[in-house]
Amino acid sequence: MIAALRYEWTRFWTVRSTYIMLGLALLLSAALSFLIVQATQSAGPDQGGPPPGTIDWFTSFSAPMTFAAVLASVLGAQAIGQEYRFGLIRLTLTEFPNRISIVVAKTVMVIMAGVLIALVSYLGSWIGLALHGHPTPPAGVTVPDSTFFGRGIVFVVLWALSSFALAGITRQTAIGIAVPIVSGLIVENVLIGFFSEKATWLVEHLPWSSASRWAGNSDFVQGPSGWSGLAVFAVWVALFFIVELVLFMRRDA
Amino acid sequence: MSVEAIGLGKSYGSTRAVDDLTFRLEPGVVTGFLGPNGAGKSTTMRLMLGLDKGDGQTLWDGKKLTEHKPVSKVVGAHLDAKFFHPSRSARNHLKMLAQEASIPSSRIDEVISLVGLQDVAKKAPGGFSLGMGQRLGLAGALLAQPKVMLLDEPANGLDPQSIQWLRDFLRHYASQGNVVFVSSHLLSEMQLMADHLIVIAKGKMVANDSLAAFVARSSGNDILVRCSDPAKLAAAMASVGVHCVPEGADGLAVQLANTDWIGDAAFKYGITVYELTKRTASLEDAFLELTSGDQQFQLGSSAPEVTS
């Protein structure tokens with residue numbers, strides 16, 4: 001198991017895309033955070049905007065999480081999709097014929113990648129705030145606590161795992177990346193538009209919009225509720241993962 | 001270390017790609033694996049490694065591969081010249097493969113030098129030629145100094161010097177008590193490299209023999225006799241059940257006979273012998289004879305039709 005982890009660790013850190021995704025997480029989060037502060041301060045309370053600082057601080061950290069999730073999903077999908085694309089899966093499984101060990105090692109690395117991307121994204125958000133002159137929260141502003149940051153990390157990790165599982169099922173990196181984006185940002189929104197009143201149960205059980213509902217609403221920012229969205233997404237990810245695992249164990253490499 | 005493949009089988013839909021193959025690979029021997037395109041050679045190798053799911057099993061010193069640790073010290077496999085990430089440097093590719101057996105960096109540098117990739121070790125292999133890709137694949141297979149080397153068409157794309165190096169290297173590797181199992185379409189190379197042959201066609205075993213015995217079975221092993229009266233000599237041969245085929249104006253190709261016996265017979269019948277040459281079939285002759293009609297994908301005529 002340790003050998004498989006070392007193998008995956010080396011695989012992860014010896015391709016350019018890892019560094020590109022981490023760099024993008026930093027830059028995009030910094031830019032988005034900066035722009036959010038800029039926009040909310042421009043609006044101000046006189047124009048119906050929030051009190052100075054309050055929303056800026058939370059949104060600056062939470063809004064980039066969707067970008068972070070997409071970037072983490074690239075690394076998640078690549079963890080298995082690129083192995084099939086370049087035939088490396090045959091080298092990998094020759095060295096690790098006990099396939100379960102490589103699945104576990106890859107899962108650990110995808111989780112680590114998700115955590116890393118989320119942390120780098122938070123760092124980027126802080127840089128954006130600092131560049132705007134708010135390296136520390138203004139007086140009287142509620143500071144995001146560890147639960148807030150933890151939930152963001154879980155959101156990114158689960159998104160990355162969903163991409164990992166989908167890429168494993170289809171043996172395609174592109175599908176692992178595209179399905180969560182297309183489904184979460186387009187298809188599910190259309191379904192919600194059609195069925196929000198007719199079939200509430202359906203809307204409440206869509207995977208990525210449930211995750212976004214959990215991550216994006218005020219509950220995510222300020223309260224402990226919203227866990228049903230997380231639970232729905234986690235069950236979906238677990239289902240994808242089980243299908244991937246079964247196929248991975250049974251298929252030809 | 002010996003390797004025993006038992007009842008290997010694999011179907012793709014209704015096509016039986018590999019059908020009940022059983023063979024044993026011995027240490028100290030280079031075993032060549034031959035077969036026409038689509039015969040099932042690559043599938044067999046993948047089945048041996050557990051990469052493809054099928055029937056049968058392969059035992060490595062009596063145990064399944066999953067029971068060995070580290071696996072890369074048991075078997076080093078090179079299945080394709082393009083199995084690498086195009087942007088991961090050659091050295092990092094090997095560094096990744098080295099993790100399973102905790103192989104030190106010094107060994108990575110050693111195999112890089114051995115296969116002659118030291119000048120491009122830090123470059124991304126995306127732009128490598130086929131030959132360079134083969135070298136990188138070989139380096140990966142060699143890395144942990146495995147007891148078994150399993151190589152699928154390793155000479156493809158290599159220049160003549162590299163092919164010669166590969167042949168000498170594999171023979172030396174086998175002579176150290178290791179198992180070398182190698183498939184190739186370069187039959188002239190295989191003739192120089194292999195001690196033993198396993199030949200399959202349409203997924204079935206058609207020969208499992210030493211190279212010498214395999215070639216000796218070919219009808220291409222005969223004796224050319226040029227003489228003053230070939231018809232008379234042919235009749236003399238036929239009278240004792242020896243088959244002759246006319247060849248040229250004054251020649252006969254005689255099978256299953258020896259030169260002394262033919263010389264004596266010619267002398268007895270007063271026939272002047274101009275030439276008496278023992279001809280040995282090549283591996284290519286023997287292989288083509290054995291597998292004719294067993295090609296999965298039959299070729300057309302090599303002489304194109306000319307229309308006026």
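This note covers the confidence of the model, the sheet of chain B and the interface of chain A and chain B.

1. Basis. This is a predicted model, in which local features need pLDDT of at least 70 and side-chain atom pairs count only at pLDDT 80 or more, while totals for chains, interfaces and linings use all residues. Residues are numbered from 1 along each chain as its sequence is written, chains are lettered from A and ligands numbered from 1 in the order in which they are written, and side-chain values use heavy atoms, with hydrogens and water left out.

2. Confidence. For chain A the average pLDDT (the predictor's confidence in each residue, from 0 to 100) is 86, and 89% of the residues score at least 70. Residues 218–225 of chain A stay under 50; the model has 16 contacts for them beyond four places in sequence, a contact being heavy atoms within 4.5 Å. Where pLDDT is low, the predicted coordinates should not be read in detail.

3. Sheet of chain B. Three strands of chain B make an open, antiparallel sheet in the order 2-1-4. Strands (E, at least two residues) and helices (H or I, at least four) are DSSP runs, numbered from the N terminus; two strands pair if DSSP finds at least two bridges between them. Strand 2 (15–25) and strand 4 (55–60) of chain B each have a single partner strand, so one side of each is left without a neighbour in the sheet. Neighbouring strands are turned by 15° against each other on average, direction ignored.

4. Pairing and packing. Five bridges join strand 1 (residues 3–12) and strand 4 of chain B in the antiparallel sense; B:Ile6 has B:Gln57 of strand 4 as its bridge partner. Helix 1 (residues 41–49) of chain B packs on this sheet and touches strands 1, 2 and 4, its direction making about 120° with that of strand 1. Axes are lines fitted to C-alpha atoms, for helices over the stretch in contact, and angles run from 0 to 180 degrees between N-to-C directions.

5. Interface area. In chain A, 26 residues are in contact with 28 residues of chain B. The buried area (accessible area, 1.4 Å probe, that two parts lose on being put together, summed over both) is about 2,500 Å², with 60% from carbon and sulfur atoms. A:Arg90, A:Thr94 and A:Glu95 supply 23% of the area that chain A buries against chain B, more than any other three residues.

6. Salt bridge. One salt bridge is counted between chain A and chain B, the criterion being a side-chain nitrogen of Lys or Arg within 4 Å of a carboxyl oxygen of Asp or Glu. B:Lys10 forms a salt bridge with A:Asp252, with the closest N and O atoms 2.7 Å apart. Helix 5 (88–95) is among the elements that give two or more residues to the side of chain A that touches chain B; helix 5 of chain A gives the largest share, six residues.
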